[in-house]
Each structure stands twice: as C-alpha cells, then as structure tokens.
Amino acid sequence: MMRGTIIGQVWGARHVAGLDGRKLVLVAARDDAGAPTGRVVVAIDTLDASGGEDVTVAFGSGARNVLRAGPDNRDLLCDAAVAALVEGAE
C-alpha cells in the first residue's frame with residue numbers, strides 16, 4: 001500500500017477490454033510525514049476521486065482484490081488501484 005495525492009488523470013484512446021469505463025489517475029506518493037517522495041504511479045480509480053484528494057493505493061494482487069475480490073480475479077489487468085480515500089490527512 002502507498003499513501004499519495006491525486007495529481008492528474010491519464011487519458012487513453014484505446015483500453016484493454018477489462019479497463020473499459022475505468023478512470024486512470026496519477027498519484028504522487030507521500031512519505032509517513034506527508035512529504036512528497038517524487039514517485040508517481042498510474043492507478044485505476046475505483047472511488048471517483050478528485051484531483052488533490054489523498055488516497056491509498058494497493059498494488060499487485062491487492063489491487064486486483066480492490067476491483068474484484070476472490071481467487072478468480074487473475075484475469076484482471078491491474079497492478080495499482082485506488083483502495084481508499086484518506087479523510088483528514090495532514
């Protein structure tokens with residue numbers, strides 16, 4: 001898991017069938033103190049987050065579980081997904 005802030009959106013002319021209708025966002029990572037680390041990742045936005053919102057991002061099998069829980073989610077093409085909105089982050 002990674003804590004970060006939504007800094008933008010990625011647009012694609014074409015998507016793989018499993019990504020149709022999904023929004024892709026840019027998330028800038030933050031350290032435990034809330035300072036930017038310089039790392040930016042592209043994640044599937046499952047919660048309709050807005051720019052500037054603090055979120056947590058799940059990676060790998062955790063990201064697939066955010067999209068669809070259960071052992072039958074290996075067909076999903078997802079490495080990073082917004083898992084939670086962080087309220088009251090400082």
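# Questions on a predicted chain

Biologist: What does the accessible surface of the chain come to, and what share of it belongs to carbon and sulfur atoms?

Modeller: The areas come from the Shrake-Rupley method with a 1.4 Å probe, and for residues only the protein chains shown count as cover. On that basis the accessible surface is about 5,400 Å². The share that belongs to carbon and sulfur atoms is 51%.

Biologist: Which conventions apply here?

Modeller: This is a predicted model, in which local features need pLDDT of at least 70 and side-chain atom pairs count only at pLDDT 80 or more, while totals for chains, interfaces and linings use all residues. Residues are numbered from 1 along each chain as its sequence is written, and side-chain values use heavy atoms, with hydrogens and water left out.

Biologist: What pattern does the chain follow along the sequence?

Modeller: Helices (H or I, at least four residues) and strands (E, at least two) are DSSP runs, numbered from the N terminus. The chain has 1 helix and 5 strands. Read along the sequence, the pattern is β-β-β-β-α-β.

Biologist: Why is the chain described as being as compact as a globular protein of its length?

Modeller: The radius of gyration is taken over C-alpha atoms, and the globule rule is 2.2 Å times the number of residues to the power 0.38. For 90 residues the rule gives 12 Å, and the chain is close to that, so it is as compact as a globular protein of that length, with a radius of gyration of 13 Å.

Biologist: Is Leu26 buried, exposed or partly exposed?

Modeller: Leu26 lies in strand β2 (residues 23–30). Buried means under 20% relative accessible area, exposed over 50%, and partly exposed in between (1.4 Å probe, protein chains only). The relative accessible area of Leu26 is 25%, so Leu26 is partly exposed.

Biologist: How far apart in space are Leu26 and Val41, C-alpha to C-alpha?

Modeller: Contact means heavy atoms within 4.5 Å. Not counting residues up to four places away in sequence, Leu26 touches residues including Val40, Val41 and Val42. Leu26 and Val41 are 15 residues apart in sequence, and their C-alpha distance is 5.7 Å.
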